[in-house]
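Thanks, everyone. I will take this one chain at a time and then turn to the contact between the chains.

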Amino acid sequence: MSGEAIIQVRNLITGYGTRTILNGLSLDILAGETMVILGGSGSGKSTLLRNIVGLERPTSGEILIKGVDITRCSRRELDEVRKSMGMSFQGSALFNSMTIGDNVGLPLREHTKLAESTIKVMTRIKLEQVGLAPCENYLPSQLSGGMKKRAAVARALAMDPEILLFDEPSAGLDPIVAAGMDDLILNLKRAFQMTIIVVTHEMASAFLIADRVAMVDKGRLLTVGTLEELQKSENPRVRQFLDRVPDAVSTDEQAFLERLVR
Amino acid sequence: MANSFFENIGRSVIEGVEYLGGLTIQFGRGAVGVTRLNPWRASPLRWKTTVRQAAIVGVEALPVVCLIAGFVGLIMALQGAYELKKFGALHFVVSLVGVSITRELGPLMTAIIVVGRSGSSFAAEIGTMSVTEEVDALRVMALEPVDFLLVPKFVAMLVMMPCLTIAADTAGILGGAAFTWMSLGMGLRAYLSTTVEVLLLRDIVTGLIKSLAFGMIIVQVGCFEGFKVRGGPEGVGRATTKAVVQSIFLIIVADLAFTAFFYVFWS
């Protein structure tokens with residue numbers, strides 16, 4: 001593992017309208033590591049991921065990917081950076097009008113001048129890697145949720161990215177299929193020198209795949225470190241997350257009544 | 001009370017300007033995208049999509065466009081005859097139908113049918129893709145959604161709208177012929193040669209220019225509404241409705257503008 005930061009997030013502030021989502025978040029992600037970004041729902045972890053791939057522009061702050069500040073660079077530069085990234089979306093986001101094979105081959109067909117036969121072979125290699133080789137000619141609607149997610153991973157791998165991002169890889173999957181996704185990520189980690197970023201709220205899979213964990217809460221970075229460091233953490237919010245303790249419910253009756261009649 | 005009244009006016013003006021602004025930006029991007037879709041550089045995939053879109057937008061719409069335009073031609077002949085009969089000038093029905101179909105009703109009816117068939121489906125297709133993150137996936141793959149989704153539809157529409165309009169013009173004129181044949185006993189050959197005599201090339205060309213403008217409006221508004229969709233399936237439904245209503249409104253406005261322009265500068 002090289003120690004260089006491939007992604008540097010500096011003082012990121014984002015928000016929709018007047019609501020702030022990320023509030024001055026800074027995070028370094030090192031080349032070749034598997035970083036799991038943990039956080040509850042509404043913590044801003046998905047927003048962080050969408051900012052890293054340039055789907056949203058922050059209010060302020062900068063995101064350096066391989067030295068390019070994607071919050072300020074031109075479209076063309078952003079697209080160049082994006083060609084070295086692959087993302088697997090929460091809902092898989094496969095193109096429903098295309099077969100699985102065409103989905104995986106799409107980036108190759110659009111960005112490279114490879115011959116059709118080469119693209120066919122590469123598509124099959126990627127599908128083999130995720131264990132979906134027999135499904136090349138199926139439409140996404142003919143696959144189960146777990147298979148769709150695998151297909152989405154194959155598509156993300158198509159351009160041999162340096163950075164692979166996962167948005168909630170196990171969301172909506174049963175435990176067995178979810179464990180299969182974890183395995184897939186582990187295999188990719190072992191086989192390639194890729195930087196892998198996984199956004200999730202599943203502690204179990206985080207512990208399985210992560211080199212380092214970053215915990216996001218209320219738009220801020222709570223803690224970042226290795227698994228041992230995380231488990232030793234004294235931070236009450238971190239402990240609450242690790243020990244699955246719900247937020248204390250406010251018992252101020254006066255305030256409750258006031259809220260009702262306001 | 002008065003305050004909120006003016007507030008509402010102000011808000012809708014701002015929203016309207018914002019809408020037109022967004023539409024113009026997308027139009028600009030689309031136009032640039034069209035120039036990039038040249039046979040030497042663009043991937044064959046884009047061409048395949050373009051041809052498929054042309055088939056869906058144009059060829060599949062042909063029967064319904066011809067049928068409706070034929071009926072409209074017949075209706076125009078009947079309505080015109082109702083008034084012209086009083087002056088014993090029934091044979092003017094030929095020029096009435098010819099001119100009104102080529103200059104106005106051919107392009108307009110075609111546009112309205114295409115809005116209903118294709119404008120709504122553009123909005124629904126792209127809207128669904130926005131909801132399922134497919135549009136985001138395109139962006140992350142460094143594929144510009146406007147280039148990938150809008151441009152093939154745009155090119156298909158620019159080619160097919162004039163073709164459909166010519167078909168509609170023909171069908172409308174034949175609809176008029178059906179009336180004169182039944183009421184005046186005028187043969188098809190006589191009818192057509194009279195039509196050719198009264199029609200100017202200008203009449204047909206202005207209609208085709210209009211049809212190009214209508215096609216642009218349908219594609220741009222349909223896709224714009226689609227890209228704007230956030231949230232869930234009900235957003236897609238709303239976008240589809242809005243795409244149809246906005247397109248028809250803008251088509252009528254553009255029709256008025258073009259008609260006035262041609263009336264002043266080219267008559």
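A word on terms before the order of elements: a helix here is a DSSP run of H or I with at least four residues, a strand is a run of E with at least two, and both are numbered from the N terminus. This is a predicted model. With those terms, the elements of chain B, read from the N terminus on, run α-α-α-α-α-α-α-α-α. That is 9 helices and 0 strands.

Staying with chain B, the C-alpha trace spans about 65 × 60 × 35 Å along its principal axes. The chain has 267 residues, and 42% of them are buried. Take the contacts in chain B between residues at least 6 apart in sequence: 87% of these join residues at least 24 apart. As for confidence, the mean pLDDT of chain B is 92, with 98% of its residues at 70 or more. Where pLDDT is low, the predicted coordinates should not be read in detail.

Now chain A, and one sheet in it. What is the order of its strands? The sheet is open, has 6 strands, and goes E6-E7-E8-E3-E9-E10 in chain A, with mixed pairing. Its edge strands are E6, residues 85-88, and E10, residues 220-226, of chain A, and each of these pairs on one side only. On average, neighbouring strands of the sheet are turned by 15° against each other, direction ignored.

E6(A) and E7(A), the latter covering residues 163-167, run parallel and are joined by 4 bridges. One residue pair to pick out on screen is Met87(A), whose bridge partner in E7(A) is Leu165(A). Helix H1 of chain A, residues 45-52, packs on this sheet. H1(A) touches E3 (34-38), E7, E8 (195-200) and E9 (212-217) of chain A, and its direction makes about 145° with that of E7(A).

Last, the contact between the chains. It takes 15 residues from chain A and 12 residues from chain B. Which elements of chain A each supply at least two residues to the side that touches chain B? They are helix H2 (75-82), E6 and helix H3 (100-111) of chain A. H3(A) gives the most to that side, with 4 residues. For the complex, the predictor gives an ipTM of 0.88 and a pTM of 0.88.

Definitions and conventions. Residues numbered from 1 in each chain as written. Chains lettered and ligands numbered in written order. Predicted model: local features only at pLDDT ≥ 70, side-chain atom pairs only at ≥ 80, totals over all residues. Pairing = 2+ DSSP bridges. Axes fitted to C-alpha atoms, helices over the stretch in contact; angles between N-to-C directions. Contact = placed C-beta atoms within 7 Å. pLDDT = per-residue confidence, 0-100. Buried ≥ 20, exposed ≤ 12 C-beta atoms within 10 Å, placed from the backbone.
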